[in-house]
Amino acid sequence: MNKLSIIYIAAALILFSCGNKENEKNISRVDSLYNVVSVLEQQVLLMDTSDFKARMNYNENKLVFIQENYRDTASKEDAFLLSDIIAVRRSFSKLMRQREEVIDKLLYSKGQLTDLKKDLSNNLVLENSFNEYFSAESVAITNLSNTIEGLVKWSQGTVTRHENMKPKIEAFIQKNITE
């Protein structure tokens, strides 16, 4: 009986030690993916919503001022400028909403990875299941990365468009309203 117990204990130790090495490797992979999510999160957080809001307010205030003080029929060029003011304001608004949605998705992914790591630490995940979970999270994070890349380019383009538009707005006001 003692020999049989010793064999079971030895077999269990061997199985758990192999599983632990595999789990440590998988935990390391999860940690690595978690770090990717953290870097992505920092990229999104660098998008300054207070700057976006200030730019939206600028456009809103200028548009209201123009609407209250400009009584002429707008030329085609002036109409395009007024339309652009609205479009850029809308773009900043959409950027802020999209930014919040991406942050929510990043936080969800962090939670999923934290749970997966905890389950690995407690030996609750089989290797096949781990590969499935890890693969699904990797795909989701790759998609988020692509979304964030597009969001950053979109925000940079919208800021540039706004900066290029500001002198035109001021010139329009100077020419048409303050005369």
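A residue counts as partly exposed when its relative accessible area lies between the buried range, under 20%, and the exposed range, over 50%. Keep this in mind for several stops on the tour. The model on screen is predicted.

**The whole chain**

Start with the entire protein chain in cartoon view. The chain has four helices and zero strands, and from the N terminus its elements run α-α-α-α. Of its 179 residues, 29% count as buried. Now consider contacts between residues at least 6 apart in sequence: 92% of these join residues at least 24 apart.

**Helices H3 and H4**

Select residues 76-121, which are helix H3, and residues 127-176, which are helix H4. Their axes come within 8 Å and cross at roughly 160°. How do H3 and H4 run relative to each other, parallel or antiparallel? An angle over 145 degrees counts as roughly antiparallel, so H3 and H4 are roughly antiparallel to each other. The crossing of H3 and H4 is left-handed. Colour the residues in the contact of H3 with H4 by class, and you will find 23 nonpolar, nine polar and eight charged residues.

**Ser 109 in H3**

Stay on H3 and select Ser 109, which lies in this helix. Is Ser 109 buried or exposed? Its relative accessible area is 3%, so Ser 109 is buried. Show its surroundings, leaving aside neighbours within four places in sequence: Ser 109 is in contact with Val 37, Glu 137, Ile 141 and Leu 144.

**Helix H2 against H3**

Next, select residues 49-69, which form helix H2. The axes of H2 and H3 come within 9 Å and cross at roughly 155°. That angle makes H2 roughly antiparallel to H3, and the crossing is left-handed. To see the contact, show side chains on both helices. On the H2 side, the residues include Phe 52, Met 56, Leu 63 and Ile 66. On the H3 side, they include Leu 82, Ile 85, Phe 92 and Met 96. By class, the contact of H2 with H3 has 11 nonpolar, three polar and five charged residues.

**Helix H2 against H4**

The axes of H2 and H4 come within 11 Å and cross at roughly 30°. Angles under 35 degrees count as roughly parallel, so H2 and H4 are roughly parallel to each other. This crossing, too, is left-handed. Among the residues that meet here are Phe 52, Tyr 58 and Phe 65 in H2, and Val 159, Met 165 and Phe 172 in H4. By class, the contact of H2 with H4 has nine nonpolar, three polar and six charged residues.

**Salt bridges**

Side chains of opposite charge can pair when their charged atoms come close. How many salt bridges does the count come to? The count is 10.

- Select Asp 31 and Lys 117. Their side chains meet in a salt bridge, with 2.9 Å from N to O. Asp 31 is in helix H1 (residues 2-45) and Lys 117 in helix H3, so this pair links distant parts of the chain, 86 residues apart. Asp 31 counts as partly exposed, at 29% relative accessibility, and Lys 117 counts as partly exposed at 31%.
- Select Arg 161 and Asp 84. Their side chains form a salt bridge at 3.2 Å, N to O. Arg 161 lies in helix H4 and Asp 84 in helix H3, so the pair ties together parts that are 77 residues apart in sequence. Arg 161 has a relative accessible area of 37%, which means it is partly exposed. Asp 84 also counts as partly exposed, at 31% relative accessibility.
- Select Lys 153 and Glu 149. The salt bridge between their side chains is 3.3 Å, N to O. Both residues lie in helix H4, four residues apart, about one turn of the helix. Lys 153 is exposed, with a relative accessible area of 53%, whereas Glu 149 counts as partly exposed at 44%.
- Finally, select Asp 51, Arg 55 and Glu 163. A network of salt bridges links these three residues. Asp 51 and Arg 55 are among the H2 residues that meet H4, and Glu 163 is among the H4 residues they meet.

Definitions and conventions. Residues are numbered from 1 along each chain as its sequence is written. This is a predicted model: local features need pLDDT of at least 70, side-chain atom pairs count only at pLDDT 80 or more; totals for chains, interfaces and linings use all residues. Side-chain values use heavy atoms; hydrogens and water are left out. Axes are lines fitted to C-alpha atoms, for helices over the stretch in contact, and angles run from 0 to 180 degrees between N-to-C directions. Helices (H or I, at least four residues) and strands (E, at least two) are DSSP runs, numbered from the N terminus. Angles under 35 degrees count as roughly parallel, over 145 as roughly antiparallel, 65 to 115 as roughly perpendicular and the rest as oblique. A crossing is left-handed if the near helix is turned anticlockwise from the far one by less than a right angle, and right-handed if clockwise. Ala, Val, Leu, Ile, Met, Phe, Trp, Tyr, Cys and Pro count as nonpolar, Asp, Glu, Lys and Arg as charged, and the others, Gly among them, as polar. A salt bridge is a side-chain nitrogen of Lys or Arg within 4 Å of a carboxyl oxygen of Asp or Glu. Buried means under 20% relative accessible area, exposed over 50%, partly exposed in between (1.4 Å probe, protein chains only). Contact means heavy atoms within 4.5 Å.
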